Amino acid sequence: MEKAMADAEAKVPDYRLLLSCPSGLSPSQVSVDFSERFDRIPHPDISLDNSISEIWDGRVQQNASLYNGTKFRVCGCPFPFTSVAGHIMHGGGGSDEKSHVCLHLGLTDYRTFVGTNLNPLWEKFLVPSEDDSVRCQHTSSPLGNGAIIETSDKRIVVLRRSNNVGEFPGHFVFPGGHPEPQEIGIVSHQFDKDMDPDFINRKVSQEMFDSIVREVVEEIGVPEASLCNPVLIGVSCRVLNVRPAAFFFIKCNLHSKEIQQLYSTAQDGYESTHLYTVSRNDLKDMTSKMPGCHQGGFALYMLMVEAVKDV
């Protein structure tokens, strides 16, 4: 019996694919509905909600470099729709030709993320429901991002995280971070009261694509001009701590050896200790030492690879 239970636990996946776009979506195919309707709802257990401040204060005492920045909050699964033929599949492969996806985004911050998703009691913040927007209504769930970067010699860029970062120190990851509300002037929902909601939604949607390019340039040191336009290949969610992240595919016109040399000049190089440029097979072997959401990023990349083969 104990062995059966252990085997069952071992089969629990590390990630879920909330959205899969194997052909890649351009900025014109990604929409955003940004609204305070999609903000986190405080938990009715006041003592549990109060633990957010306690967890954050404790983390800051351990690491004074932590910064409580504003983030975009994901509310449930992305909502796919089509204006013409084609469709987007959730949680697996599928055709996304001429399709669009709409993301429901609110606001949260890093402090609330640490105090809910990264709280030792994180599961207590969850509501039993098949609907993600209901299940995670009390968690911060900030939208992270990650980039699958392919070099001119067909290698993939992977970083080893520093031991001083807040999440998964020492793990392998794809370059990335978060779209940043403050980059487009959003510090609260009050800012948009006198502005056209459609204009704001377009700015938020564009920040998703701009931010991943910015993260790549800052984390690995390559010039922006060396990067092709990113395409969204999907959204994965780490099962542990229900951590969502959007993943993009970006081609880089530099050779892997050039990228290795540029890495030493990276602006945010302190977030990682080593840069690897690896083959697809080697990348597969590294995924077991990646956080669940980045394992999902690899799965999305492989779905893209398979889709290209079928064309």
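## Largest pocket

How do the residues lining the largest pocket divide into nonpolar, polar and charged? They split into 13 nonpolar, 14 polar and 13 charged. Here Ala, Val, Leu, Ile, Met, Phe, Trp, Tyr, Cys and Pro count as nonpolar, Asp, Glu, Lys and Arg as charged, and the others, Gly among them, as polar. The model is predicted: local features need pLDDT of at least 70, side-chain atom pairs count only at pLDDT 80 or more, and totals for chains, interfaces and linings use all residues. Residues are numbered from 1 along each chain as its sequence is written, and side-chain values use heavy atoms, with hydrogens and water left out.

The pocket holds about 1100 Å³ of space. Its lining has 40 residues, with Lys71, Gly177, His178, Glu219 and Glu271 nearest the centre. Elements giving two or more residues to this lining include S6 (144–150), S7 (156–161), H5 (197–220) and H8 (292–310). H5 gives the most, four residues. Helices (H or I, at least four residues) and strands (E, at least two) are DSSP runs, numbered from the N terminus. A pocket is an open set of points on a 1 Å grid over the protein atoms alone, with protein on both sides within 12 Å along at least five of seven lines; a cavity is a set where a 1.4 Å probe fits but cannot get out; lining residues have an atom within 4 Å of a point. Points are joined across faces, edges and corners, and a volume is the space filled by probe spheres set on them.

## Cavities

The whole structure has two cavities of 30 Å³ or more. The largest cavity has a volume of about 110 Å³. Its lining includes Leu18, Arg73, Cys136, Ser141 and Pro244. Strand S3 (70–74) and H4 each give two or more residues to that lining. The lining divides into seven nonpolar, three polar and two charged residues.

## Two positive phi values

Most residues other than glycine have a negative phi. Serine 141 has a positive phi, near 45°. Serine 141 sits in the loop between helix H4 (132–135) and S6. Lysine 154 also has a positive phi, about 65°, and is found in the loop between S6 and S7.

Serine 141 counts as buried because its relative accessibility is 3%. Lysine 154 counts as exposed because its value is 56%. Buried means under 20% relative accessible area, exposed over 50%, partly exposed in between (1.4 Å probe, protein chains only).

## Nonpolar cores

The largest nonpolar core has 46 residues. A core is a set of buried Ala, Val, Leu, Ile, Met, Phe, Trp, Tyr and Cys residues joined through side-chain atoms within 4.5 Å. Phe34, Leu105, Val204, Met208, Ile220 and Leu232 have the most contacts inside this core. H5 gives the most to this core, eight residues. Apart from it lies another core of 21 residues, among them Ile148, Val278, Phe298 and Met304.

Beyond four places in sequence, the contacts (heavy atoms within 4.5 Å) of isoleucine 220 include Val157, Ile259 and Leu275. Valine 157 lies in strand S7 and is buried, at 0% relative accessible area. Valine 157 and valine 278 are 121 residues apart in sequence, yet 6.6 Å apart in space, C-alpha to C-alpha.

## Helix H6

Which residues of helix H6 (residues 256–263) are buried? They are Ser256, Ile259 and Tyr263. These residues lie on the same side of H6, because they cover an arc of only 55° around the axis. The arc is that of the directions from the helix axis to the C-beta atoms. Lys257 and Gln261 are exposed on the other side. The buried residues of H6 pack against S7, H5 and strand S12 (272–278).
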